[in-house]
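Student: I would like to learn how to read a few local features in a model. Can we go through them one at a time?

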Amino acid sequence: MEEASDQQAHVHPPPEGFLRKYVFSLDHKVIGKQYYALGLLAVCIGMALSWLMRFHLVWPTTRIPGLELLSKAGAPGGIITPEYYLSLLTMHGTLMVFFVLTNAPFAAFGNYFLPIQIGAEDMAFPRFNMMSFWTTLVAFLVLILAFIIPDGPPISGWTSYAPLSAVGKDAGPGMGWGMNLWAISIAIFCIGSLLGALNFIATTLDLRAKGMTLMRMPICTWAWFITSCIALLAFAVLLPACILLLLDRAAGTSFFIPSGLVVSDRLQAHSGGSPLLWQHLFWFFGHPEVYIAILPSMGIVSHILINSMRKPLLSARVIIYSMMSIGFLSWMVWGHHMFVSGMNPFSSLLFSFPTLTITIPATIMTLIWLGSLYGANIRINAASLFALGFISMFVSGGVSGFFLAQPSIDIVLHATYFVVGHFHMVMGVASLFGVFAGTYFWFSKMTGRMMNQTLGQLHFWLTFIGTYCIFMPFHYLGLVGNVRRYSSFVDDFMGPLMPLHKFITIAALGTGAAQLIFIFNLIYSRYKGVPAPENPWNGTTLEWSIPSPPPWNNFGGKHPIIYHDPYQYDVKGLKGDYIMQDSPEPSAG
Amino acid sequence: MSSTSYESVRKPPPALGVSKASSARVAKVLYGAGEASRSGIWVGIFAITMSFAAFTSALFVRQGSSADWAHIALPAILYGNTLALLLSSATLQRARRAILAVAATESHAVRQGLGWLMATLALGFVFIGGQYQAWRQLAAQGLYLATNPNSSFYYVLTAMHGLHVLAGIAALVFVMSRFASRHAALRRSTFEATATYWHFMGVLWLYVLLVLRTKL
Amino acid sequence: MGKLFAIVLVIIALASAYPIVTHMYVMPEDVSTHGHQIDEQLSDTMAEAGISFLLAQFVLAIFVWKFAERKDGGKLKNFPGGAKIMVAGAFILVGTEILALGVFGQRAWANVYFTPPRPDALQIQAQAGQFAFYFRYPGADGKFGAIYPDKIDEGNQNYFGLDPANDIESRDDIVSAELVIPVNREIHLLMHAKDVGHSFYVRELRIQQDFVPGLDLSVHFTATKIGRYEIVCTQLCGLGHYNMKAYLNVMAQDDFEKWVKQKASEL
Ligand code: HEA
Ligand code: HEA
Ligand code: CUA
Ligand SMILES: [Cu+2]
């Protein structure tokens with residue numbers, strides 16, 4: 001032990017100077033916070049875009065003062081044009097999926113807490129870690145640049161289906177440089193995520209402290225680990241897809257563009273490509289991506305629930321195995337996005353079956369969470385409220401997946417607001433609830449100050465009710481056949497639905513306003529919050545064994561030795577009803 | 001990842017800096033460093049494999065999507081390039097032996113190690129130059145990136161592989177500079193990871209060549 | 001607070017179910033021969049998923065109500081049966097649903113996609129382009145003329161790129177912006193995309209199928225009710241996507257014949 005710590009001291013010296021400490025930092029904790037800040041910035045932009053979209057849907061001719069500054073062509077006189085709606089939609093979806101849901105629950109919290117939870121001083125490759133953040137930031141800036149160029153952002157949705165996305169300027173405004181920027185941004189994003197995933201995997205495999213066997217890792221560490229394995233494969237496929245797309249656009253190749261297309265009255269020079277190839281490559285990434293978005297939140301929520309219930313889950317092992325099987329199955333289901341795409345109808349059945357099967361591990365997890373609540377003593381605070389809210393949201397969104405997974409039903413529900421309702425419920429709300437829960441839970445560790453509980457709980461109630469009001473009605477619209485990605489609808493169809501759309505818009509604006517409470521709380525508590533003790537929630541895992549905020553090398557040069565599995569609650573310990581993972585006292589039973 | 005050996009309890013991360021060893025030469029190659037680099041490099045190889053699998057499946061789909069698949073004759077120089085790349089793996093193995101000897105016996109094998117590394121690097125450049133030459137030959141036949149799907153895939157696959165080889169060359173240069181320097185130490189794990197990567201480039205090239213030969 | 005959570009959750013769950021139970025929002029009436037199977041499938045799923053949804057939310061509410069911030073200081077306990085019963089329950093509950101709906105329910109899909117169109121089905125070609133649909137009837141010779149993409153000329157109303165000067169088969173082809181079909185007769189719709197991906201969606205027909213450039217796809221259906229229905233494009237196809245629609249006009253057989261005659265005389 002003595003010898004080891006002697007060597008350890010050389011890992012890397014504490015950084016000096018502002019730049020090294022906070023900007024080009026190699027410290028996983030700083031990088032985690034940078035990711036968090038990037039996610040927060042992206043979610044704010046994405047949310048603002050969603051307000052504009054909602055506003056345009058119900059008040060298409062009302063002026064929004066000042067909006068012409070954003071885009072002269074897209075919002076002349078402050079009135080959003082139907083074309084610009086598609087730009088907003090594309091940027092909203094892209095920002096949310098890539099820059100919010102891949103960054104916040106996975107890269108941000110994962111970076112901050114994964115090394116600490118396994119007792120490591122840092123990630124395995126700190127330099128790669130810094131590079132992956134900066135690569136991601138560049139990707140973000142490239143994407144945002146699309147707002148500024150005269151061309152404007154692309155209009156092909158976050159899925160960027162070829163050949164619309166591949167034929168270039170002829171396809172409409174924003175499909176010139178705007179689309180190029182999109183593809184470049186996503187390609188860069190892939191590289192950053194691959195580096196990050198590689199780092200997570202190597203760290204988890206090799207830097208675990210003494211006694212930290214795989215099964216002693218906290219559930220959220222497991223979730224980040226499984227997520228990195230998925231991310232490694234998913235982004236390794238999206239990157240080639242983006243490269244081929246860029247070649248089609250810039251070099252005149254024909255990977256995705258078939259012969260004889262006449263776009264904007266111009267016969268395209270390409271020939272022989274396959275539009276479905278893009279869809280296959282995209283969804284081969286896209287479906288695992290949605291589990292990249294939800295698994296970390298599942299992990300975080302499990303971690304927080306256990307702490308709040310003061311007893312372990314019925315079985316942590318089953319949760320971990322379920323997450324693994326979700327990760328595994330996620331590779332075989334991508335075709336469920338393509339039931340009516342012209343793919344062979346037999347394949348639809350083949351894809352439907354594993355999609356339905358994936359609901360089994362999801363149900364197991366849900367039942368374990370619910371069953372574990374039985375007989376607990378649940379502490380209510382902002383973190384645990386969001387964790388409980390997560391369960392409710394995940395059920396609501398997951399159940400609608402069960403409809404879509406059946407090809408025959410998907411014939412009528414595909415491309416309607418039912419799908420939009422489904423994915424906002426699971427992704428836009430459930431996953432983000434995981435982020436919120438994590439924020440309220442770990443803020444004290446990350447900043448050394450407690451977050452304001454009153455504001456936190458107020459934020460929960462408004463968001464919980466608000467998001468149900470926004471996203472539940474989407475399903476009803478979808479059942480009627482209201483199609484998505486439409487900036488306006490014919491009157492006779494739309495008339496009866498207009499009140500519902502108005503209701504959604506008002507709920508969206510209100511819920512959005514409620515997020516200001518959260519952001520205020522973040523900033524306020526960061527500077528004025530009550531100083532946080534080491535272990536405010538009486539947690540058992542390693543992050544609670546070190547000061548808040550942790551010193552630069554996490555354990556102050558010491559090396560934790562792990563004696564217990566991560567959740568020794570409901571026992572008689574020296575400090576109360578729990579035993580820390582690194583405490584040598586014997587575990588009960 | 002299924003390897004059960006990871007189940008066992010690991011020692012804390014091993015030393016990274018200059019050891020207390022007396023001879024500067026010996027310090028060049030440290031023992032026991034970084035399991036993490038090893039799993040890191042294998043994870044990376046896994047991701048690269050996945051990318052090339054994606055390119056390959058794109059190739060299959062594209063071939064089936066339309067009747068414009070046109071055979072192209074591979075430039076003969078590719079086989080020379082293949083030879084160069086395979087040889088470079090052999091020289092790298094020689095370098096490896098020499099370098100391990102440096103650490104073990106404090107002998108003067110440094111020169112030898114550097115020599116073999118130099119040879120590896122040179123062969124790497126021969127390969128890249130040869131690949132470039134092959135492109136020129138194809139272009140001279142009027143086969144450009146966008147001429148037909150076969151040429152598209154030819155350029156894309158060779159370019160992607162070439163980029164990865166360039167990354168390997170950068171790693172080799174880094175290893176050599178570390179190894180030659182009196183001040184900085186070369187971690188054994190860094191060297192081993194680079195070597196693994198370089199061998200993988202050879203294997204990957206054989207795979208790409210197979211695809212090019214049988215499909216284009 | 002726990003009690004409040006439970007109450008709010010129950011209200012939300014009930015309010016969410018209310019519009020469904022009272023059929024406040026339902027699909028427009030089905031006018032196809034195959035649609036009832038899809039509708040049944042949908043309502044079966046709605047029943048089973050709805051029950052799962054309500055049960056899960058209620059159980060969550062009850063447990064939070066009972067077990068949040070307990071004052072009794074009673075001992076913590078575990079759900080009888082533990083994790084095993086959960087795993088078994090999930091397999092049984094969801095397994096039967098998957099079998100009942102997912103496996104046997106594929107009949108509806110098979111009915112749409114695995115039964116070939118009848119030989120006497122009326123063939124119509126649909127072309128989707130930014131941002132309009134055009135429909136082409138083979139005319140008296142029963143054959144479609146060939147398409148030459150370079151001849152497409154919206155100004156001259158040559159939407160399909162036909163070449164009547166040289167191609168005899170195309171001379172009697174009828175082109176229409178509205179899909180006019182006879183009632184109770186099977187239609188075999190051949191789908192052709194001019195530029196990018198589009199989709200053919202008629203809510204009342206329970207048909208949705210993408211147009212994929214470069215692929216020859218088709219759907220077949222029989223409309224059972226005279227009327228005019230909206231055809232919408234559901235695949236994002238560019239700036240005018242939201243505006244891309246056409247109408248399906250289902251007519252009595254003799255009205256349809258009259259329409260064809262009249263169209264033919266305009267050629
Ligand atoms: C976090 C993200 C996330 C998650 C977790 C999921 C989870 C699931 N998704 Fe979803 N999905 C998306 C994000 C996500 N999805 C997105 C973004 C899109 C659209 C992309 C686009 O087109 O833009 C999409 C689209 C989408 C489609 C394509 C629809 C279409 O375009 O026509 C389908 C079809 O099968 C589908 C299915 C499922 C299923 C079966 C699950 C399952 O994993 C859900 C499992 C969970 C449960 C079932 C709930 C808990 C269980 C119970 C309470 C027990 C009992 C319940 C039953 C047995 C019903 N999803
Ligand atoms: C994470 C994913 C996410 C999130 C959060 C949201 C949030 C919202 N979305 Fe979005 N949406 C998508 C992902 C998301 N969306 C995607 C992928 C599409 C498809 C795009 C396409 O078709 O190509 C889409 C499309 C889409 C449409 C469909 C348009 C159409 O098809 O015509 C609409 C319409 O109303 C909409 C509305 C909204 C609203 C009102 C909100 C919100 O305003 C709701 C209120 C906000 C919150 C509940 C949370 C805010 C969180 C924070 C403030 C802090 C979080 C902290 C950190 C991240 C650190 N969205
Ligand atoms: Cu055509 Cu949308
Ligand atoms: Cu999916």
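Student: Is A:D570 buried, partly exposed or exposed?

Tutor: This is a predicted model, and the label follows from relative accessible area. The value for A:D570 is 40%, and partly exposed covers what lies between under 20% (buried) and over 50% (exposed). A:D570 is therefore partly exposed.

Student: What is the phi of A:D570, and where is A:D570 found?

Tutor: Most residues other than glycine have a negative phi. A:D570 is not a glycine, yet its phi is positive, about 55°. A:D570 sits in the loop between β3 and β4 (578–579) of chain A. C:E69 belongs to the loop between α2 (35–67) and α3 (82–103) of chain C, and at 33% relative accessibility it counts as partly exposed.

Student: Which omega does the peptide bond from A:S548 to A:P549 have, and is the bond cis or trans?

Tutor: Most peptide bonds are trans. The bond from A:S548 to A:P549 is cis, with omega near -10°. A:P549 lies in the loop between α17 (498–528) and β3 (568–569) of chain A. The bond from C:Q130 to C:F131 is cis as well, with omega near -5°. C:F131 is in the loop between β1 (122–129) and β2 (132–137) of chain C.

Student: Which residues coordinate the iron atom of ligand 2?

Tutor: For a metal site, list the donors, then look at the angles. A:H92 and A:H424 each coordinate this iron atom through NE2, at 2.0 Å. A:H92 lies in helix α4 (residues 82–100) and A:H424 in helix α14 of chain A, so the pair ties together parts 332 residues apart in sequence. Both A:H92 and A:H424 are buried.

Student: What is the protein donor of the iron atom of ligand 1?

Tutor: The only one is A:H422, through NE2 at 2.1 Å. A:H422 is in helix α14 (residues 417–447) of chain A. The iron atom of ligand 1 and the copper ion (ligand 4) are 4.5 Å apart.

Student: What is the mean pLDDT of chain C?

Tutor: Where pLDDT is low, the predicted coordinates should not be read in detail. For chain C the mean is 89, and 100% of the residues reach 70 or more. The model as a whole scores ipTM 0.92 and pTM 0.93.

Technical notes:
Residues numbered from 1 in each chain as written. Chains lettered and ligands numbered in written order. Predicted model: local features only at pLDDT ≥ 70, side-chain atom pairs only at ≥ 80, totals over all residues. Heavy atoms only, no water. Donors = N, O, S within 2.8 Å, 3.2 Å for Na, K, Ca; no water. Helix = DSSP H or I, 4+ residues; strand = E, 2+ residues; numbered from the N terminus. Buried < 20%, exposed > 50% of the residue type's maximum accessible area, 1.4 Å probe, protein only. pLDDT = per-residue confidence, 0-100.
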